[in-house]
Amino acid sequence: METIRYLRQLRRHWKLILVVSLLGLGVGLLAANRASERTSDQADVVVYYDVRHTLLVNEANSAGVNLSQAAFFATIGQIPQAVADRVGGEPVSLAASVQTLTNASLRTIVLSAVADTPEAATEVTNAFAEELVEFLQGDQLALYLDSLATANTAVMTASADIVAADKILETTRADADSIEIELDTIEIAGQEALVAELTAQLAALQGEIDDQEGARTAMQARLDLAIMSEDEVVAQGPPAPSMLTLDVSVPSVVTKRERDRRLAAGREGTANYSQLSDLPSGSGGGISSSLFDSPKALLLAGILGGVLTGFALALAWARLDHRILDKEEAEEYFGLPVIAEIPKIRRRFRKKPVIISHTEPMSQIAEAYRSLRSSLMYVRDLGEEEHASGDPAEGQPATVILITSPGAAEGKTSTVANLATVLAEEGYTVLTINCDFRRPRLAFFMGGENEPRRVSATDVDGVSLINHVTADGADARPSEALREQKRVIDSARDRFD
């Protein structure tokens with residue numbers, strides 16, 4: 001039931017919804033116009049571009065990484081010079097265009113550079129980030145290269161020594177072989193002295209060969225050790241970068257004012273920040289590009305906001321309004337049928353007492369009163385049938401119709417006047433009795449005499465009027481007035497229809 005009631009209230013308050021929706025449309029049009037003006041103004045503004053490159057400390061090789069020092073080294077010394085060699089330009093100007101933001105808890109550094117074009121901003125930012133990573137890796141890489149060079153030198157030296165030893169050993173062996181051949185060819189008899197000399201020489205050469213073979217074995221051991229050391233250095237590989245690229249943003253637009261502020265901070269050496277709250281207001285952008293900067297989006301938002309607000313107000317009104325305002329609600333609350341509905345009287349008829357059914361008999365209001373008359377007469381006829389079936393000997397008294405309402409100025413008097421008029425149209429004799437003894441106004445409608453306790457004719461044929469049922473009129477006591485009203489009605493039952 002509540003849902004149906006709210007739907008009726010929405011239907012009843014369609015004007016409120018329409019007005020608020022139009023207000024929302026107006027606000028949307030105004031906001032869309034402002035957005036169009038801002039867009040037009042921004043079209044003529046010189047803009048620059050900003051790109052952010054986020055570096056994350058590599059936990060696999062984080063020893064010796066100091067974020068504050070790294071941010072400081074990013075814009076001084078050899079890094080700006082290396083960037084200038086890569087992309088061109090002056091190192092000082094390039095360094096001034098860079099801003100850094102460190103986050104100790106996340107172990108990150110955000111480098112951002114401002115340039116005239118998106119491509120230039122991306123190139124400069126990435127160059128600074130890559131040079132910073134290479135700079136931080138420099139000492140460890142140099143140590144690795146030195147270790148690799150030392151191991152390689154040891155291998156080469158040991159190899160050269162073995163080659164030289166092999167040549168000497170080969171020569172010595174050749175000399176020994178020559179002596180052995182000579183001994184084999186000498187006649188033994190009579191040459192004992194020469195044989196002894198050659199034998200001694202051969203023995204000496206054999207000793208040298210043994211020494212040289214021992215030295216070569218030692219050299220081979222040193223070569224094997226050198227090769228093993230070199231393999232270990234090669235297997236270890238170069239050191240991992242101390243920082244890794246976490247993200248590279250797309251270029252964003254900044255105003256000339258923001259770009260000039262960034263350059264000034266960079267020249268002063270104050271463009272290195274350690275927390276987000278340290279960034280100047282508006283840093284990183286200057287021209288909004290959100291959805292609600294779109295004139296179409298603002299217009300649509302205004303319309304939707306107006307419609308939703310209108311519905312919300314109508315529903316709130318419905319929840320707070322406990323009046324019975326239509327036929328369906330009256331039937332629901334009272335459990336009785338509504339037999340007729342009278343349209344609202346136009347404003348021009350409210351200023352003076354007019355019986356519309358008499359002055360405009362073809363109007364919609366007159367037809368509504370005739371519908372009420374038909375319903376009442378149908379109910380009366382049903383009552384007469386039941387009465388006749390009960391006791392046919394008794395007569396049929398007049399039909400008494402009481403018109404009342406909870407409050408003042410709700411249409412009781414005009415309803416009495418109009419209903420009496422349409423009943424008289426059907427030939428019924430009608431007596432109207434003014435029971436509102438405090439504010440009697442029925443005579444102003446009907447045109448009868450305003451005399452107490454007197455039946456007078458009215459301007460409507462077939463309709464009579466009693467404007468006061470007591471001699472004191474409006475000054476009568478309520479109990480007296482009620483008693484006289486009952487007496488008058490009882491006495492008039494047999495004289496009128």
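Trainee: Which residues form a nonpolar patch on the surface, and what is their accessible area together?
Mentor: The patch is formed by I324, Y333, F334 and L336, which together have about 450 Å² of accessible area. Patches consist of residues with over 30% relative accessible area and no salt bridge, where like charges are joined within 9 Å and nonpolar side chains (Val, Leu, Ile, Met, Phe, Trp, Tyr) within 5 Å. The areas come from the Shrake-Rupley method with a 1.4 Å probe, and for residues only the protein chains shown count as cover. Keep in mind that this is a predicted model, in which local features need pLDDT of at least 70 and side-chain atom pairs count only at pLDDT 80 or more, while totals for chains, interfaces and linings use all residues. Residues are numbered from 1 along each chain as its sequence is written, and side-chain values use heavy atoms, with hydrogens and water left out.

Trainee: Where does F334 lie, and is F334 buried or exposed?
Mentor: F334 lies in helix α10, residues 327-334, and with 57% relative accessibility F334 counts as exposed. The cut-offs are under 20% relative accessible area for buried and over 50% for exposed, with partly exposed in between (1.4 Å probe, protein chains only). Helices (H or I, at least four residues) and strands (E, at least two) are DSSP runs numbered from the N terminus.

Trainee: Stepping back, how many helices and strands does the protein come to?
Mentor: There are 16 helices and 9 strands. Of the 497 residues, 34% count as buried, and the accessible surface comes to about 29,900 Å², with 57% of that belonging to carbon and sulfur atoms. Among contacts (heavy atoms within 4.5 Å) between residues at least 6 apart in sequence, 72% join residues at least 24 apart.

Trainee: Let's go to α8, then. Which of the residues of α8 are buried?
Mentor: The buried ones in α8 are E258, R262, L263, A265 and G266. They cover an arc of only 165° around the axis, taken from the directions from the helix axis to the C-beta atoms, and that puts them on the same side of α8. On the other side of α8, R257, R267 and E268 are exposed.

Trainee: And what covers the buried residues of α8?
Mentor: The cover includes β1 (47-57), α5 (91-96), β2 (98-103), β3 (108-115), β5 (252-255) and β6 (272-273). Just after α8, G269 takes a positive phi of about 75°.

Trainee: What span should the 13 residues of α8 have?
Mentor: Helix α8 (residues 256-268) should span 18 Å at 1.5 Å a residue, and its end C-alpha atoms are 18 Å apart, which agrees. The expected span is 1.5 Å times one less than the number of residues in the helix. Helix α9 (residues 295-320), with 26 residues, reaches 37 Å from its first C-alpha to its last, close to the 38 Å expected.

Trainee: Which residues of α9 are buried?
Mentor: They are A297, L298, G302, G306, G310, A314 and A318. L298 is 264 residues from R34 in sequence, yet the two are 9.8 Å apart in space, C-alpha to C-alpha. R34 is found in helix α2, residues 14-43, and is partly exposed, with a relative accessible area of 47%.

Trainee: New topic: how many salt bridges does the count come to?
Mentor: The count comes to 18 salt bridges, where a salt bridge is a side-chain nitrogen of Lys or Arg within 4 Å of a carboxyl oxygen of Asp or Glu. In one of them the side chains of R173 and E213 meet at 2.2 Å, N to O. That pair links distant parts of the chain, with R173 in helix α6 (residues 118-185) and E213 in helix α7 (residues 192-236), 40 residues apart.

Trainee: What about R373, which residue does R373 form a salt bridge with?
Mentor: R373 pairs with E426, the closest N and O atoms being 3.6 Å apart. R373 lies in helix α13 (residues 364-390) and E426 in the loop between α14 (412-425) and β7 (430-433), so the pair ties together parts that are 53 residues apart in sequence. R373 counts as buried at 10% relative accessibility, and E367, R370, R373, E425 and E426 are linked in a network of salt bridges.
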